[in-house]
Amino acid sequence: MIRIFHHYVSRMAFTLLLLELLILLSAASGASLAWLDGRHAVAAGNPYLSSLAFALVLLFSMSTLGMYQHHPREELRHTLIRIMPSFALGFALLSVLVHLVPAIHFGRAGSLVFGLGALGVLLARLVVYTSAQSGMLEERLILVGDGAIARECVELAADRLGLHQFNVVGCVAVAGEPRCVAQGLLLPAELSLLSLARQHEAREIVVTVGDRRNGAFPVRQLLECALGGVAVTDAAAFFEREACQIRIDSLQPSYLIFGGGFDQSFLRAGVKRCFDLLASGAICLLSLPVMLLTALCIRAEDGGPVFYRQERIGLHGRVFRVLKFRSMRVDAEGDGKPAWAASDDPRATRVGRWIRKLRIDELPQMLNVFQGEMSFVGPRPERGYFVEQLCRDVPYYNVRHSIKPGVTGLAQVRYQYGASVDDAVRKLQYDLYYVKNNSLFLDLLILIETVQVVLFGKGSR
């Protein structure tokens, strides 16, 4: 994995994106220049600007449809199925861009450009997937510890859906830990960690031990590994890197204090505010017909109010009133007691079920963004009743209030509706990752994943 603006990105996905950017640029430039002659020079517009627009729009379309997040062992026919709608979406977006910017135009070379681009992407993915299946790009690692955290690391390796693949070759038992991994995963205790790493060609050792103060913790052997060229990683850093989570069960306060991130600078605040206004303004314009139709449907169903306001907790614990389309019955909380909202909440109206599924009920919150109470991307604001409970029962929950809440967020695109304290803990692990590593780059990635959620009903993972 590599870090771009504090966010971890798969080397394989990043390499694939750069390779396809080069392929799309070459296909567009080559086809346009080959087609050009004195008669078509004007009709074809600026070939270099057109090529750049073509490549960026196609990369955006493929990202939106999840082509940089699927399993590397995916069959080529499934890749073909993904490429077709990606290029169709790219064609639609590029057609709009051509009308807005006359200098972007391909003349008669348009069909040739799209054909060469699709062929180049297919060939690139065939080469990359073949390399992945051979195991050349797989990273091997050893776990120090055989407890619950080690078991979760093994499960994470087995359930990987991204392009970064790693293989847990085994675990080294440490005295004092309750064993939670299979007996077959245990490595011989008589060999040193460095010898095991070299024997199994492991390039990294992940420390999953909870209690590191007893004499059984192999400090000297870990130092020997670090000096011997084998990377040594803490479990908290491993989960942050591989799962975009800061795990509560393996977190020490020192990790948050000395781990970097938490950019609250004036520059970051200014960039984020500009992004909030631009993204919210664009979505308001594009979704205006949808919002008008939604308002009519809500009113027609039961004659009740179209919108509802509810007190939520925002930046630094301040209370504000969030604005949403009403998706539940007017008497949803007739007893006056707040209740968790679920994905299939029986209190939802017929219209409400659809607008919640498509996230349309969140669109009026753009007004909260314009007023500065929310950001476009950030942790979802929670009701004060639940915040009091969660701050009391969940460690570090109040950290999420150090930045503005968001209309969408990493937890929203990676996890389901939160309907319990356990769900709140799981979502908090994504929120802590975002609070620690937030940047414009991460905001753009979450925006793309939000589009995937709206279109397909699920995130990338």
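What we are looking at is a predicted model, in which local features need pLDDT of at least 70 and side-chain atom pairs count only at pLDDT 80 or more, while totals for chains, interfaces and linings use all residues. Residues are numbered from 1 along each chain as its sequence is written, and side-chain values use heavy atoms, with hydrogens and water left out.

Back to our pair: Glu240 forms a salt bridge with Lys436, and the closest N and O atoms are 3.2 Å apart; a salt bridge here is a side-chain nitrogen of Lys or Arg within 4 Å of a carboxyl oxygen of Asp or Glu. Because Glu240 lies in helix H8 and Lys436 in helix H15, this pair ties together parts that are 196 residues apart in sequence. When I say helix or strand, I mean DSSP runs numbered from the N terminus, with helices (H or I) of at least four residues and strands (E) of at least two.

A search of the whole structure finds 17 salt bridges, and I will show you two others. Lys272 and Asp443 meet through their side chains at 3.3 Å, N to O, and since Lys272 sits in helix H10 (residues 266-302) and Asp443 in helix H16 (residues 440-456), they tie together parts that are 171 residues apart in sequence. Both Lys272 and Asp443 are buried. Glu449 forms a salt bridge with Arg414, with the closest N and O atoms 2.8 Å apart, and these two residues are also buried. There is also one network, in which salt bridges that share partners join Lys324, Asp361, Glu362 and Arg380.

Now to the nonpolar residues. Which residues have the most contacts inside the largest nonpolar core? They are Phe325, Leu410 and Tyr433, in a core of 49 residues, a core being a set of buried Ala, Val, Leu, Ile, Met, Phe, Trp, Tyr and Cys residues joined through side-chain atoms within 4.5 Å. Helix H15 (residues 421-437) gives the largest share of this core, seven residues. Apart from this core lies another, of 25 residues, which includes Ala53, Ala55, Ile83 and Phe87.

Leaving aside neighbours within four places in sequence, Leu410 is in contact (heavy atoms within 4.5 Å) with Cys244, Tyr430, Tyr433 and Ile446. Cys244 is found in the loop between helix H8 (235-243) and helix H9 (253-258), and at 2% relative accessibility it counts as buried. His316 also has a positive phi of about 55° without being a glycine, but at 57% relative accessibility His316 counts as exposed.

Finally, the strands, which pair if DSSP finds at least two bridges between them. Strand S5 (residues 204-207) is covered on both faces, with Glu204 and Val206 buried on one side and Ile205 and Val207 buried on the other. Four bridges join S5 to strand S3 (residues 139-144), in parallel, and four bridges join S5 to strand S6 (residues 231-234), again in parallel. Leu141 has Glu204 as its bridge partner in S5 and Val168 as its bridge partner in S4.

How values were computed: Buried < 20%, exposed > 50% of the residue type's maximum accessible area, 1.4 Å probe, protein only.
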